[in-house]
Amino acid sequence: MDAAEWDRKYEGRELVYGEAPNATVVEVATTLKRGRALDLAAGQGRNAIWLATRGWTVDAVDFSSVALTKASRVAASAPRSVRERLTWVHADVTQLSTEPNYDLVLMLYLHLPPEERQAAVSRAVSALKPDGILMILGHHAANIESGVGGPQEAEILYTPEDLASDIGTRLTVLTAENRYRDVTGGTAIDALLLASRSPLGSEPDRG
């Protein structure tokens, strides 16, 4: 699916994935010290906006200009201090060039053929600070036969082991596991990977 197709998808509904942040993002981010985050394939910005309300400075990247326009409109109702912590970036995450400036890098539900996914993962790894955390979450390869929803193309799905292989020895894997979500019609299966340049990752947020 190219940028034009995603533009049409986002044009069709006001908020395709709702306004609430992803529950696993909330679980992970609330254990970390507030810092700078990079949200790759940010869509309509639900996770980026939530992080900004928590005090994070966020660069949110997507190749759908329609999605980013809608994200900016949603954020417009937030306090000025929140809006000032958000930067919307129109770019292809597989081609993005960043400095290692981020305490947290998110790559959520980005489903690409393996070579393109690996390129995106490499960009994500390169963006991390020495103690930064990478979080990848997406539809599990088993979801086609055993779960509900998500893409039905096996090539673009993955397992936690696939993600760990993409990273190789560049990071320390902290978590690689299946996650389960109750959705309309049954249970969706996700693959989760958390990794860091250091074994412990960022310091916990103590206030």
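R179 and E27 join their side chains in a salt bridge at 3.0 Å, N to O (a side-chain nitrogen of Lys or Arg within 4 Å of a carboxyl oxygen of Asp or Glu). This pair links distant parts of the chain, with R179 in strand β6 and E27 in helix α2 (residues 23-29), 152 residues apart. Helices (H or I, at least four residues) and strands (E, at least two) are DSSP runs, numbered from the N terminus.

The model is predicted: local features need pLDDT of at least 70, side-chain atom pairs count only at pLDDT 80 or more, and totals for chains, interfaces and linings use all residues. Residues are numbered from 1 along each chain as its sequence is written, and side-chain values use heavy atoms, leaving out hydrogens and water.

**Salt bridges**
- The structure holds seven salt bridges.
- E177 also forms a salt bridge with R179, the closest N and O atoms being 2.7 Å apart.
- In the salt bridge of D190 with R181, the closest N and O atoms are 2.6 Å apart.
- D190 is buried at 1% relative accessibility, whereas R181 is partly exposed at 28% (buried means under 20% relative accessible area, exposed over 50%, partly exposed in between; 1.4 Å probe, protein chains only).
- Shared partners join E27, E177 and R179 into one network.

**Helix α8**
- In helix α8 (residues 160-167), the buried residues are P160, L163, D166 and I167.
- These buried residues fall within an arc of 115 degrees seen down the axis, so they line one face of α8 (the arc is that of the directions from the helix axis to the C-beta atoms).
- The face turned away from the buried side carries the exposed residues E161 and S165.
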